[in-house]
Amino acid sequence: MTTKKGIEVSIAASIAAQLARVEVVAAYPITPQTHIVEHLSELVANGELEAVYINVESEHSAMSACCGASAAGARTFTSTSAQGLELMHEILFIASGMRLPIVMATVNRALSSPLSIWGDHSDIMAARDTGWIMLFCENGQEVVDSIIMAFKIAENRNVLLPVMVNLDGFSLSHVIEPIEFPSQKDVDSFLPPYKPLYSLHPDKPVTMGAYAMPELYTEAKYAQETALINSKKVIIDVMAEFGERFGRHYKPVETYNTENADFAFICLGSINENISTAIDELKSNGKEAGLIKLRLFRPFPKDELLAVLKDKKRIAIVERAMPGGAANSPLYNEIASLIYANKLHITLENYIVGLGGRDVHPEDFIDVFDMKIAAKKDNNNYNVIGVRE
Amino acid sequence: MAKPMEQYKWHELNVGCVIDEVGNAREYKTGDWRSQKPVWNDSKCIKCGLCWLYCPDAAIYQTEEGFYRANLEYCKGCGICSKECKPGAIKMVEDVR
């Protein structure tokens, strides 16, 4: 039996961690992640979640404590946003390098300065190459399902890597959505207790995170990178098993109306819902546009993307982060390299939207489709939608 | 380590480079960092043992006669023993290998 209720997505995310029977949570509150960790601390304090909640003095300590807990063999969860993710930055590499299956809900928010508490992807794009598996969510149901799947992916013996579940700050984290929660019994059967390959225990001492001389570092990083690339197969398998058991089917790359169109948007996160609305509106006017949603961002799902890209003529890559002096935004650069390497002839356009919580309207995407915005292109390779000039 | 580190292939490493062999740091001979080595003049040595005490790598041992020598598999040639030796019995000399 499953139950469906209207609930704030942040609270739902913490219930997903509870259903996954996390054993250690180490977190520091930061807007817009706060409700997730507040509710987890309540669940622990009320005895509804049998876990250790470690109060720490910073995100650097939060991720460090998570590494220690995971190394000791505990199923470990944390959550952060923006500056918190940046403060964790060096430890993110340690978690992935030590192959610790930590799961983190990253509530995407703009980075200061100027100070902003609102959503965009500048935080995650600055942490994209930290060796974590990264999933992006469009709605609250995906957040709940992804957190449960994330543990099963992370803890697989062929993976053993940390997983980030990204959800947009406020526009996803703070909205109330109807969400179906799987039963504890079904989650227990899908996600058995974590059995670590190695753990810190005095009965069988091991050294973790040791020094590697130049003679070994390259091989160590190659092994880690190979595990990350190969994790895609496990991710696909876990998504398939989740679909069979719970009836909600996920794929690394999902599409909407792409089979009918030469043109497609590519985007990450909750803006995909606005783009879908725009596509429906276009359709009602006899115009066909498709949407390619990256559910999986790391490892980059090259083959799955190519399969949907190859017969397209024009692609608009929509992203919520400034390129920071790069030729284009991060996702554009990766798709451009994929298209070049496979000798495809596709016109690519790059649009920056929704920075620091700026509202994004379906009409903006209709303008993109109609090339009303592309016409305004200046010296940049990309267009910043809605910037006042 | 079961073999020298430059012989390991990437797929032969433990997940996360975990070292699951207890106490194998002993096999890692750190003495080859050394550019100088200590040489004792036993006629000046008063067997006080300060060199043994100060050696940060515990690389100095006492001989049966009660004098001191460095285990050159671990001695890094830092010179602390020579600096601390009150009668000046330890001289650092260039170690050409």
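**Cores, domains and chains**

Mentor: In this predicted model, the largest nonpolar core holds 123 residues, and the residues with the most contacts inside that core are A:Ile147, A:Val163, A:Val165, A:Phe265 and A:Ile266.

Trainee: Which helix gives the largest share of this core?

Mentor: The core draws at least three residues from each of domain 1 (3-246) and domain 2 (253-384) of chain A. Its largest share is nine residues, and these come from residues 140-155 of chain A, that is, from helix α7.

Trainee: Which residues is A:Val165 in contact with, leaving aside its neighbours within four places in sequence?

Mentor: A:Val165 is one of the residues with the most contacts inside the largest core. Once the neighbours within four places in sequence are left aside, its contacts are A:Val103, A:Ala105, A:Thr106, A:Leu135, A:Cys137, A:Val143, A:Ser146, A:Ile147 and A:Ala150.

Trainee: How many residues does the second, separate core have?

Mentor: Among the members of this second core are B:Cys55, B:Cys75, B:Cys85 and B:Ala89. The number of residues in this separate core is 12.

Trainee: Which element gives the most to the side of domain 1 of chain A that touches domain 2 of chain A?

Mentor: Chain A is divided into domain 1 (3-246) and domain 2 (253-384), and their C-alpha centres lie 27 Å apart. The contact between them takes 28 residues from domain 1 of chain A and 22 residues from domain 2 of chain A. On the side of domain 1, the elements that give two or more residues are α6 (122-126), β6 (133-136), β7 (163-168) and α9 (214-246) of chain A. The element that gives the most to this side, with five residues, is α9(A).

Trainee: How do the residues on that side of domain 1 of chain A divide into nonpolar, polar and charged?

Mentor: The side in question is the one of domain 1 of chain A that touches domain 2 of chain A. Its residues divide into 14 nonpolar, nine polar and five charged.

Trainee: Does A:Val238 count as buried or exposed, and why?

Mentor: A:Val238 has its place in helix α9 of chain A. A residue is buried if 20 or more other C-beta atoms lie within 10 Å of its own. Because A:Val238 has 23 C-beta neighbours inside 10 Å, it counts as buried.

Trainee: What distance separates the C-alpha atoms of A:Val238 and A:Lys152?

Mentor: Leaving aside its neighbours within four places in sequence, A:Val238 is in contact with A:Met149, A:Lys152 and A:Ile153. A:Val238 and A:Lys152 are 86 residues apart along the chain, and the separation of their C-alpha atoms is 7.1 Å.

Trainee: What is the radius of gyration of chain A?

Mentor: Chain A has 13 helices and 15 strands, and buried residues make up 49% of its 389 residues. For 389 residues the globule rule gives 21 Å, and the chain's own value is close to this, so chain A is as compact as a globular protein of that length, with a radius of gyration of 21 Å.

Trainee: What radius of gyration does chain B have?

Mentor: Chain B has two helices and four strands, which follow the pattern β-α-β-β-α-β along the sequence. Its C-alpha trace spans about 55 × 25 × 20 Å along the principal axes, and buried residues make up 20% of its 97 residues. A compact globule of 97 residues would have a radius of gyration near 13 Å, but the value for chain B is 17 Å.

Methods:
Residues numbered from 1 in each chain as written. Chains lettered and ligands numbered in written order. Predicted model: local features only at pLDDT ≥ 70, side-chain atom pairs only at ≥ 80, totals over all residues. Core = buried A, V, L, I, M, F, W, Y, C linked by C-beta atoms within 7 Å. Domains from an automatic or database assignment. Contact = placed C-beta atoms within 7 Å. Nonpolar A, V, L, I, M, F, W, Y, C, P; charged D, E, K, R; others polar. Rg over C-alpha atoms; globule rule 2.2 N^0.38 Å.
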